[in-house]
There are 2 protein chains.
Amino acid sequence: MERRHFEQELEELKQRLLWMAGLAEKSVHQAVQALFEEKEDIAKRVLEEESAINELQIEIDDRVMSLLALQQPMAADLRFILSVSRINSDLERIGDQAVNIAQSVLRILRHPQVKPYVDIPRMSALVEGMVRDSLNAVVQRNAELARSVLVRDDEVDHFRDQIFRELLTYMMENAAVIFPAFELILVAKNLERIGDHATNIAEDVIYMVAGQDVRHMAADHH
Amino acid sequence: MERRHFEQELEELKQRLLWMAGLAEKSVHQAVQALFEEKEDIAKRVLEEESAINELQIEIDDRVMSLLALQQPMAADLRFILSVSRINSDLERIGDQAVNIAQSVLRILRHPQVKPYVDIPRMSALVEGMVRDSLNAVVQRNAELARSVLVRDDEVDHFRDQIFRELLTYMMENAAVIFPAFELILVAKNLERIGDHATNIAEDVIYMVAGQDVRHMAADHH
């Protein structure tokens with residue numbers, strides 16, 4: 001494979017990854033929208049769209065494999081290709097978490113409503129912002145933006161603890177809300193994991209751009 | 001790098017991965033042991049031993065990187081190296097889940113005890129078996145053993161649902177157990193994720209041995 005052809009393959013790989021990123025981002029957005037607006041049809045759409053993400057994951061892994069097999073990519077290209085492979089896996093798992101949220105929404109909607117959703121709207125806004133910025137950091141190869149994502153991981157844990165505390169208090173005061181409050185606990189766990197995956201992606205961007213491995217440097221983000 | 005040297009590097013990579021696997025397996029075992037035997041010191045040991053796993057993860061990734069950069073591995077070797085990289089990441093996350101369980105144990109032990117642990121002992125035996133067999137499948141390059149792990153993923157989900165149901169009933173009957181029952185819900189979630197990672201490892205073994213991508217073939221395992 002000549003160099004120009006190789007560059008073109010790398011560019012296509014990147015485009016496919018961004019397409020996948022768009023799908024994963026949309027799934028998360030729709031899942032939380034379904035929760036807050038109580039829309040069963042939107043939750044179901046998230047379930048239907050999962051297979052597109054899964055197929056794209058396999059396609060991207062195949063491209064990674066053939067680029068590694070047919071070329072002998074050097075340092076920067078190799079870091080890029082390996083990062084794509086890891087980001088690909090994180091995006092697929094973000095999609096899985098969106099599916100889990102959508103399934104919780106379907107169960108919640110079958111029961112009498114218990115609002116408020118405590119701090120879940122604020123937590124989901126934070127997490128959606130982390131996903132968006134980690135992906136923008138990929139596109140722009142922007143290590144600084146990636147670092148701003150890492151910093152937000154502690155806020156996610158703070159929201160999670162806060163939400164757990166409020167929901168448990170809520171459950172202790174009224175046994176009738178135990179079931180829906182439990183579903184919201186699961187949703188908060190799913191949001192936490194989406195934040196973890198955004199953090200992984202941000203770490204990969206820093207590795208890709210700077211060749212620096214920042215995993216496990218401070219708190220553990222996985 | 002000559003071929004013999006390359007073979008030797010591959011063998012060392014495998015040995016380091018197996019060392020890492022042993023650490024991850026031990027963490028899980030100690031975390032559940034700490035829960036069932038109510039041993040604070042064992043839970044604390046899991047927290048202390050996390051850094052060894054994290055360091056090993058980075059060392060293995062560095063080896064993967066240099067093998068890919070210095071050699072141009074062909075099909076089977078390339079599949080092996082990429083699988084090692086993914087298994088490495090799953091092992092690190094298994095270690096993280098063991099840490100989460102250990103942290104739950106420390107919180108649980110600070111409160112009055114509520115037994116029984118419902119089906120958590122059976123779920124943890126199942127999950128530990130999946131981890132062990134997925135790792136044996138790596139060592140033996142045994143696709144059949146790996147497939148036996150995939151099959152057990154549904155049992156894990158069944159246990160999880162059963163445990164959630166029992167704990168929620170328990171909570172509804174007695175508000176005083178809401179807090180410890182909530183911690184057991186988190187433990188069951190952590191065990192579920194450990195099972196997911198064992199499933200990922202089993203899928204990698206099948207890919208490594210047979211070159212076949214079995215992800216997303218039936219239910220989604222991530």
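User: Why does B:R141 count as partly exposed?

Analyst: This is a predicted model, in which local features need pLDDT of at least 70 and side-chain atom pairs count only at pLDDT 80 or more, while totals for chains, interfaces and linings use all residues. Residues are numbered from 1 along each chain as its sequence is written, and chains are lettered from A and ligands numbered from 1 in the order in which they are written. B:R141 has 13 C-beta neighbours inside 10 Å, so B:R141 counts as partly exposed. A residue is buried with 20 or more other C-beta atoms within 10 Å of its own, exposed with 12 or fewer, and partly exposed in between, the C-beta atoms being placed from the backbone. B:R141 is found in the loop between α5 and α6 of chain B, and its phi is near 50°, a positive value in a residue other than glycine.

User: What makes B:N142 partly exposed?

Analyst: B:N142 has 17 other C-beta atoms within 10 Å and is therefore partly exposed. B:N142 lies in the loop between α5 (120-140) and α6 (143-173) of chain B. Its C-alpha is 9.4 Å from that of B:A202, although the two residues are 60 apart in sequence.

User: Why is A:E38 called partly exposed?

Analyst: A:E38 has 14 C-beta neighbours inside 10 Å, so A:E38 counts as partly exposed. A:E38 lies in the loop between α1 and α2 of chain A, and its phi is near 55°, a positive value in a residue other than glycine.

User: Which elements pack against the buried residues of α1(A)?

Analyst: The buried residues of α1(A) include A:L13, A:L17, A:M20 and A:A31. They pack against α2 (40-48), α3, α4, α5 (120-140) and α7 of chain A, where contact means C-beta atoms, placed from the backbone, within 7 Å.

User: What covers the buried residues of α5(B)?

Analyst: The cover includes α1 (3-37), α4 (75-109), α6 and α7 (178-210) of chain B. Among the buried residues of α5(B) are B:I120, B:M123, B:V127 and B:L135.

User: Why are α4(A) and α7(A) called roughly antiparallel?

Analyst: The axes of α4 (residues 75-109) and α7 (residues 178-210) of chain A come within 9 Å and cross at roughly 170°. Axes are lines fitted to C-alpha atoms, for helices over the stretch in contact, and angles run from 0 to 180 degrees between N-to-C directions. Angles under 35 degrees count as roughly parallel, over 145 as roughly antiparallel, 65 to 115 as roughly perpendicular and the rest as oblique. The two helices are therefore roughly antiparallel to each other.

User: Which residues touch the most other members of the largest nonpolar core?

Analyst: Of its 130 residues, A:A31 and B:A31 do. A nonpolar core is a set of buried Ala, Val, Leu, Ile, Met, Phe, Trp, Tyr and Cys residues joined through C-beta atoms within 7 Å. Not counting residues up to four places away in sequence, B:A31 touches B:A43, B:V46, B:A98, B:I101, B:A102 and B:V105.

Definitions and conventions. Helices (H or I, at least four residues) and strands (E, at least two) are DSSP runs, numbered from the N terminus. Two residues are in contact if their C-beta atoms, placed from the backbone, lie within 7 Å.
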